[in-house]
Amino acid sequence: MVALKNIDFVGRWRIWFAVSGVFLLICVGAIALGGFNPGIDFTGGSAFTASGVQGSPSTAEVRDALPGDLGDRSIVQSVGEDGYEVRTPVLSEEGYTDAEVRQALEEELGAEVSVTSISPTFGGQIRTQALQAVAAALAIIVLFISVRFEFSFAMAAMVALIHDIFITMGFYALVGREVNLVTVVAVLTVLGYSLYDTIIIFDRIRENAPEAGYNRQRYEELANNSIRQVVMRSIYTSVCTLIPVVALLIFGESTLSDFAFALLVGIGAGTYSSIFIAAPVLCLYKAWRAGRVGSGKGRAAQSASS
Amino acid sequence: MTNRRNNLIILGLVVVLIGVAAYLIFVRQPVAEATRLGLDLEGGVSANLQGYKTNGEEVTRDEMDVAAGVIRQRVDSLGVTEPEIQIQGDDQVVVNIPGITDADRAVEVIGRTAQLGFYEVLATAGGQPVPEDEIEDTKESLQDELEGDPTFEEGETRILFEESPAPDGSGTIVQGYVVPDEPELTGEALDSAVQSQDQAGRREVQMELTSEGGEGFGDLSQQIVDNALANGTPGGGRLAVVLDEDVVSAPVVDEPIYGGQVVIQNQGSPGGLPQEEAEELEVVLQTGALPVNMEILSVSSIGPTLGADSLRSGLLAALVGFGLVLVFLVIIYRVLGLIADLALIIYAFLLWGLIVAIPITMTLPGIAGIVLSIGVAADANVVIFERIKEEVRRGKTPRTAVGIGYQKGFTAIVDGNLATLITAFILFALASGSVRGFAVLLVVGVILSMFTAVVVTRALLGLISGRGFHLSAPMMGVSKKSLEEGRPARAGKAGTEARR
């Protein structure tokens, strides 16, 4: 607590940006190296989920149970204590039907098998929709903050949000979790959440900021004070949200735990970026703009305000 | 005093709302049936179909409405309870059928265009039984053969195939037919279709034609007889009954048929048509054709066990998360935390009531939405309470601090929640099906949480402090040490204010 009070959030931006930079570099690297594991939502294909499997067969046995050479081109994973998930390429292109594969699995595993299959056309549609949703969210958020605050706040919030998206996606690439529609939903949720966090800090800066006049040193001190005033709230809030998210990660089955994983990473990144990225960027942007407007004007405003 | 009255009114309203929610959840029906469960929790088949036209024209909303109506009738005829059919966007339809697991069959029935057509056969080829794996090759060679036939003209005629099991079980008989591009008669001529059996007990489907259809059929058969005579093959003309792109039968017509009954049968097998096929034909013919073709975008069939597992784990996660948040709030905010906990419990109960009242179908993403909204609801209190603690540290009396906390915290909460609402609306607008469930619950949860976390906690706090209950700083989780530390900060703040 005492330590938090003494941190220079804005002045030491080089340190905070460097920390993020290292993470971003690793994340972007992981994404660039093809670490993404797109699910059938985006590529098309079928997913078979068996629950209540009898006599714990090995993944190789499950693979062998698939007709033809399908086993070699499918992803077989065990899920929970007695479940299996099998993801195959688009079956109609392979000359099989969902029913054939399902029956084969049901016989081998002696369990109920659920199927989801998605056509490649639909996969493409979902992909487009997902990208549109994220782009639309970012655009509307810039507009919203510009209206409620001012454009410089929107700029700073945007940098923080893009930071969070890259970190979340990068972690997905790093651990090789399947990226699907749920991931996109989680990313959008993270956007909303991280924005909320940022807004709470910005709200305090807005409240503390003098009506007129800009002075770099004073503004940065004010931003630092504002962050100090709300930093505990940011941490408590994150804990409040992360508690149920961790519960989802531990107790939820695959869909819920996927969702929780993205939220866990995203909310972590979001809390960091609200404090250590958004506010410093805001201050740097303000300073850069003041410098561009011209020192004469800046000085005039300064003398007018004091 | 007016404040106190306002608080009482608000709390009275909360009590009424709780009463209504309790009625909806527990009294109106058994509690186990109160919440409508989605397919991913209950088990069932969900299919997403996209309408398209073979000629590349745009599918209109009207056509999708008609299609959805036809699909509804077909699903109803499967004898399932509470199917859900929704048009999504301009050209997609989502069909949810609880309680069944045979996705392939359901989709076959739902998505079949069932465009019926009666054609005069201009030329035929094939007729030899072939093994299963040679059907496609046979079709290709028949296609080549028929394209060389003098009756075939690109754009005027087309080639259709019939597959039927050989009577001696030695494979599949594949026949190709050259027919005019457009049918003489379409499904509009059909009045009804019903399963029946012929004298030998073979299963067949009888189609009854309308009176107009019967006449048209008579004319068509007359034309076939006449043309056969003119071609020098009297009595050898054939009529093709075509469903979608498949010839279901092509009987020889040796005399004009008036009367309006057409039979689809399979004389090659002792049982006639396979039972499933007969049922399917009956359903799709009886309900009529879809105005557009349907492409299957996605199908999922969730078994009841998997659904129940998901529900159990989701609920467990939600409850554990909820419980831990309650504990956490008390640890950090003591008495204030207790009040927040009470508000959270009210929130959870009212949310359940809303889910039942609207009603919102509970899905897996929906549970995720609820879990997240618990965090959001708790957060509103964290924002306000942190502000209150801050004011107390600056030396304000607890009572004043509470007032300032709510006043100043409120803008931040509104702005923050608006941000969440924006993303939820975008999710709702752009996404489909299950994702919408998440978005809807997030929106409902956020709005409700603003009520319980801001309005209700304020009324509760106002009421207990009005009752002479003295809230001291330690009761709010503010330590003596931080009280002393806070004093200089107050001076700093005052300085800022003076400069303004």
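Author: Helices here are DSSP runs of H or I with at least four residues and strands are runs of E with at least two, both numbered from the N terminus. By that naming, A114(B) is found in the loop between α5 (103-111) and β4 (116-120) of chain B. The model is predicted, and local features need pLDDT of at least 70, side-chain atom pairs count only at pLDDT 80 or more, and totals for chains, interfaces and linings use all residues. Residues are numbered from 1 along each chain as its sequence is written, while chains are lettered from A and ligands numbered from 1 in the order in which they are written.

Reader: Why does A114(B) count as buried?

Author: A residue is buried if 20 or more other C-beta atoms, placed from the backbone, lie within 10 Å of its own, exposed if 12 or fewer, and partly exposed in between. A114(B) has 22 C-beta neighbours inside 10 Å, and therefore it counts as buried. Its phi is positive, about 60°, although A114(B) is not a glycine.

Reader: What makes R334(B) partly exposed?

Author: R334(B) has 19 other C-beta atoms within 10 Å, so it is classed as partly exposed. R334(B) lies in helix α9 of chain B, and has a positive phi of about 50° although it is not a glycine.

Reader: Why is A106(B) called buried, and what does it touch?

Author: A106(B) is called buried because 24 other C-beta atoms lie within 10 Å. This residue is found in helix α5 of chain B. Two residues are in contact if their C-beta atoms, placed from the backbone, lie within 7 Å. Not counting residues up to four places away in sequence, A106(B) touches V45(B), L78(B), I97(B) and I100(B). The C-alpha atoms of A106(B) and S46(B) are separated by 9.5 Å, and the two residues are 60 apart along the chain.

Reader: How do you know that the span of α6(B) agrees with its number of residues?

Author: The expected span of a helix is 1.5 Å times one less than its number of residues. Helix α6 (residues 135-147) of chain B has 13 residues and should span 18 Å; its end C-alpha atoms are 18 Å apart, so the two agree.

Reader: What puts the buried residues of α6(B) on the same side?

Author: The buried residues are T138(B), L142(B) and L146(B). They cover an arc of only 65° around the axis, which puts them on the same side of α6(B); the arc is that of the directions from the helix axis to the C-beta atoms. An α-helix has 3.6 residues a turn, so residues three or four places apart point the same way. What covers the buried residues of α6(B) includes β5 (123-130), β6 (157-165) and β7 (172-180) of chain B. The face turned away from the buried side of α6(B) carries the exposed residues E136(B), D137(B), E140(B) and D144(B).

Reader: What makes α10(B) mostly covered?

Author: In α10(B), 30 of its 30 residues are buried. Helix α10 (residues 364-393) of chain B reaches 43 Å from its first C-alpha to its last, close to the 44 Å expected. G395(B), whose phi is positive, near 100°, follows α10(B). The loop between α9 (304-357) and α10 of chain B holds P359(B), and a cis peptide bond joins I358(B) and P359(B), with omega about -15°.

Reader: How do you know that β10(B) and β13(B) pair, and in which sense?

Author: Two strands pair if DSSP finds at least two bridges between them. Strand β10 (residues 203-209) of chain B and β13(B) have four bridges, in the antiparallel sense. M207(B) stands opposite V262(B) in β13(B).

Reader: Which strand of chain B is joined to β5(A), and by how many bridges?

Author: Four bridges join β5(A) to strand β14 (residues 293-302) of chain B, and these strands run antiparallel. Within that pairing, T116(A) stands opposite S300(B) in β14(B).

Reader: How many residues of chain A are in contact with chain B, and of what classes?

Author: There are 58 residues of chain A in contact with 59 residues of chain B. The largest share of the chain A side, 14 residues, comes from α10(A). Ala, Val, Leu, Ile, Met, Phe, Trp, Tyr, Cys and Pro count as nonpolar, Asp, Glu, Lys and Arg as charged, and the others, Gly among them, as polar. On that basis the side of chain A that touches chain B has 32 nonpolar, 19 polar and seven charged residues.
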